Amino acid sequence: MRPEPSHIIILLVIIILLFGASKLPSLARNLGKSAKIFRDEVKSMNDDSNETPAELESSRSEDATDKATRSHVDSTQSVRDTDK
């Protein structure tokens, strides 16, 4: 179902009244940036889903090791802070 041209014109007039003609270029620019970020994130999610199960498991185990190391470093730092 295709919208009628009169509906589009009415919608554009309402948008101009709400935001003002001076703010429309920045609004369009921000909308374009948001759309680009969204497309990039969807693309990276698709790239991640194309990894093999072995690659996914490897990255998960690396993440777990990194978290454990950071946790240990944080706890060691807090022990040093309490000793002072």
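**Exercise 1. Work out how far apart Asp 40 and Lys 36 sit along helix α2.**

Step 1: Asp 40 and Lys 36 both belong to α2, residues 24-49; helices here are DSSP runs (H or I, at least four residues), numbered from the N terminus.
Step 2: They are four residues apart, so about one helical turn separates them.
Step 3: An α-helix has 3.6 residues a turn, so residues three or four places apart point the same way.

A quick note on the source: this is a predicted model, where local features need pLDDT of at least 70 and side-chain atom pairs count only at pLDDT 80 or more, while totals for chains, interfaces and linings use all residues. Residues are numbered from 1 along each chain as its sequence is written, and side-chain values use heavy atoms, leaving out hydrogens and water.

**Exercise 2. Find which contact Asp 40 makes with Lys 36.**

Step 1: Look at the closest N and O atoms, which are 3.2 Å apart.
Step 2: That pair is a salt bridge (a side-chain nitrogen of Lys or Arg within 4 Å of a carboxyl oxygen of Asp or Glu).
Step 3: Searching the whole structure turns up one salt bridge.

**Exercise 3. Check the span of α1 against its number of residues.**

Step 1: After α1 comes Gly 20, with a positive phi near 85 degrees.

Key. Helices (H or I, at least four residues) and strands (E, at least two) are DSSP runs, numbered from the N terminus. The expected span of a helix is 1.5 Å times one less than its number of residues.
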